[in-house]
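This report examines selected features of the structure shown below.

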Amino acid sequence: KAQATAMRPSRAEGRWAETRQHMYLVLAVVMLASDSFNPVKLVAALFNFDTDWVFYAGLCTLGYYIWACSEDLCYHCVKVFFTSILNIFLSDVEVIGLNNIVPDSPVVFCINHANQFVDAVVQISVSPRKIGFLIAQKSFDHWLIGTLAKAAGAVPVARPQDSAVKGKGQICFVTPRRVLGRNGTAFTTALRPNDKLRPVGTPEGLRVAEVVSD
């Protein structure tokens, strides 16, 4: 029975990969800055065609790439934006255990939800994995929050408390398990078994077991 183990790259390998990318970028800039080493002009001179065709073809290719990868590009733009905010206001955040996140297998992040938005900002900024957040439909429908959520690939979820409506009339408790309505209540049309009834000033809703009459 063979068992394969995924090897994570070391810090030295990560720095070397980043250094190589910088070297390739500098080399490309140097080659494009000189007519003698510009690969586009060299190929155009060799095959005797106008370099404008290369420009327009490259522009179309770039536009197609942006369209095809728009979700990833938007996600990384949002990540850069949130990371900048995090570095300004929460620069003393210490992250421990990033090496425990598997690089290529499905992951579900269950985080402490102390704040509605700061949690997501911290998570998207420090996580090496791309995250698809669950967000309340009510927040998702907000023009600013919804725009950032869509760019980050968030999934809206409808919550029961977001669809709550104010009922007609007033209620009074005959017993802790029995409620009577008055002043125009409409229990038979507004409520069904297993719905929740939340009187004003109470922290939690009461589950409806049976609706007898209005």
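Predicted model: local features only at pLDDT ≥ 70, side-chain atom pairs only at ≥ 80, totals over all residues.

Because Asp 72 belongs to helix H4 and Lys 130 to the loop between H5 and S1, the pair ties together parts that are 58 residues apart in sequence. Asp 72 is partly exposed, its relative accessible area being 38%. Lys 130 is likewise partly exposed, with a relative accessible area of 41%.

Lys 130 also forms a salt bridge with Glu 71, where the closest N and O atoms are 3.8 Å apart. Glu 71 lies in helix H4 and Lys 130 in the loop between H5 and strand S1 (134–136), so this pair connects parts 59 residues apart in sequence.

Side chains of opposite charge can pair when their charged atoms come close. Asp 119, in helix H5, is buried yet has no salt bridge. The nearest side chain of opposite charge is that of Arg 159, 11 Å away; the cut-off for a salt bridge is 4 Å between nitrogen and oxygen.

Which residues does Asp 119 touch, not counting those up to four places away in sequence? They are Ile 111, Asn 112, His 113 and Ala 114.

## Nonpolar core

The largest nonpolar core has 13 residues, and Val 78 and Ile 124 have the most contacts inside it. Helix H4 (70–89), helix H5 (118–126) and helix H7 (143–151) each supply at least two residues of this core. The largest share, three residues, comes from H4.

Leaving aside neighbours within four places in sequence, Ile 124 is in contact with Tyr 75, Val 78, Lys 79, Phe 82, Ile 131, Phe 133 and Ala 152.

## Nonpolar surface patch

A nonpolar patch on the surface is formed by Phe 55, Tyr 56, Leu 59, Leu 62, Tyr 65, Ile 66 and Leu 73, which together have about 720 Å² of accessible area. Helix H3 (residues 51–68) gives the largest share of the patch, six residues. Tyr 65 is placed in helix H3 and counts as partly exposed, at 48% relative accessibility.

## An exposed loop residue

Asn 100 is found in the loop between H4 and H5 and counts as exposed, at 61% relative accessibility. The C-alpha atoms of Asn 100 and Ala 44 are separated by 51 Å, the two residues being 56 residues apart along the chain.

Technical notes: Residues numbered from 1 in each chain as written. Heavy atoms only, no water. Patch = residues over 30% accessible without salt bridge, like charges linked within 9 Å, V, L, I, M, F, W, Y side chains within 5 Å. Areas by Shrake-Rupley, 256 points an atom, 1.4 Å probe, with all protein chains shown as cover. Helix = DSSP H or I, 4+ residues; strand = E, 2+ residues; numbered from the N terminus. Buried < 20%, exposed > 50% of the residue type's maximum accessible area, 1.4 Å probe, protein only. Core = buried A, V, L, I, M, F, W, Y, C linked by side-chain atoms within 4.5 Å. Contact = heavy atoms within 4.5 Å. Lys, Arg positive; Asp, Glu negative; His and termini not counted.
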